[in-house]
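Please read the following report on one protein with its sequence and structure in view.

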Amino acid sequence: MARQANLPDESPIDRNHPDALYAQLRNLLRGMIERRELSVNDKLLSERELVAAYGVSRITVRQAIKELENLGYLQTRPGKGIYVTAPAPFYELEVVRSFTQTAHANNRKPGMRLLKAEIVRADTEVARPLSLPTGAEVVFLERLRLLDDLPVVVQRDWFSASLAPGILDIDWTVENRSLYGEFENRYGIVPTRGQSTLSARLASDLEASLLQLERPAAVLTLDQIAYDNHNRTVNISAAAYHPTRYPLSLRQSHRRF
């Protein structure tokens with residue numbers, strides 16, 4: 001790789017952008033890899049060179065690199081440096097379709113019970129994927145979702161309070177209120193892409209009770225991050241699904257985020 005050819009004439013990092021600096025750098029480097037400006041087995045610029053090239057701190061550089069390693073775009077080779085790798089192909093769930101839309105598409109009756117709706121201070125685990133500082137105000141929604149009046153999902157959502165001011169003033173006890181519907185209709189925010197992680201674990205006491213499961217019982221879990229078409233994080237969610245009432249299927253996608 002011609003290392004100097006990949007140094008920008010002027011840093012594209014925007015300190016007034018709503019995304020955190022590490023998220024901007026992560027997206028820039030990921031874009032270079034996906035456009036083949038950085039090829040598989042190319043050696044990435046050193047931390048010092050990235051700091052100089054983009055005018056950011058070493059902490060910012062390390063966070064961006066860590067996330068790209070987690071996504072499979074980069075690999076640290078001890079004693080040699082950091083190299084570009086080929087991310088394994090993956091399959092994603094339909095992250096930008098709401099529960100309500102999915103129910104209607106399958107001719108099922110959606111419903112909801114509000115469990116919790118409040119503004120909280122984000123801990124690191126919530127703040128990082130939302131590109132917010134730790135302690136920032138975020139909206140937390142916890143809902144029990146129903147299909148044909150049967151409980152099927154315990155869903156928890158977090159998003160920046162500044163993204164949708166006044167959203168908690170809406171009557172969330174309404175049976176069929178859609179978060180993504182409110183985002184689009186009230187705030188003009190349209191989630192267009194994202195990433196999903198599907199797993200399984202034992203249900204908590206609360207989840208087992210809400211989903212009418214006899215313990216010990218397993219639940220399917222789905223963790224998602226949704227972005228708009230400006231690559232801004234819209235929300236993160238964590239859902240626990242009834243294992244038989246709401247079977248999950250995967251949809252193949254050619255897009256990678």
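## Overall picture

Of the 257 residues of this protein, 45% count as buried, where buried means under 20% relative accessible area, exposed means over 50%, and partly exposed lies in between, with a 1.4 Å probe and protein chains only. The protein has seven helices and 10 strands; helices (H or I, at least four residues) and strands (E, at least two) are DSSP runs, numbered from the N terminus. Among contacts between residues at least 6 apart in sequence, 62% join residues at least 24 apart, a contact being heavy atoms within 4.5 Å.

## Confidence in the model

This is a predicted model, in which local features need pLDDT of at least 70 and side-chain atom pairs count only at pLDDT 80 or more, while totals for chains, interfaces and linings use all residues. Residues are numbered from 1 along each chain as its sequence is written, and side-chain values use heavy atoms, with hydrogens and water left out.

The average pLDDT, which is the predictor's confidence in each residue on a scale from 0 to 100, is 83 for the protein, and 86% of the residues score at least 70. Over residues 1-5 the pLDDT is below 50, and this stretch has nine contacts beyond near neighbours in sequence. Residues 252-257 also stay under 50, and for them the model has 18 contacts beyond four places in sequence. Where pLDDT is low, the predicted coordinates should not be read in detail.

Which residues of helix α2 are buried? In this helix, residues 47-54, they are Glu-49, Leu-50, Ala-53 and Tyr-54. They cover an arc of only 110 degrees around the axis, which puts them on the same side of α2; the arc is that of the directions from the helix axis to the C-beta atoms. On the other side of α2, Arg-48 and Ala-52 are exposed. The cover over the buried residues of α2 includes α1 (21-34) and α3 (58-70).

The largest nonpolar core has 20 residues, and among those that touch the most other members are Leu-25, Leu-29, Leu-50 and Tyr-54. Such a core is a set of buried Ala, Val, Leu, Ile, Met, Phe, Trp, Tyr and Cys residues joined through side-chain atoms within 4.5 Å. At least two residues of this core come from each of α1, α2, α3 and β2 (81-84). Leaving aside residues up to four places away in sequence, Leu-29 touches Leu-44, Leu-50, Tyr-54 and Leu-68. A second, separate core of 14 residues includes Ile-170, Leu-179, Ile-189 and Ala-226.

## Aromatic rings

A search of the whole structure finds three aromatic pairs. Rings of Phe, Tyr and Trp (its six-membered ring) pair if their centres lie within 6.5 Å, and planes under 30 degrees apart count as stacked, over 60 as edge-to-face and the rest as tilted. Phe-159 lies in strand β6 (residues 150-160) and Phe-183 in helix α6 (residues 179-187), so the pair ties together parts that are 24 residues apart in sequence.
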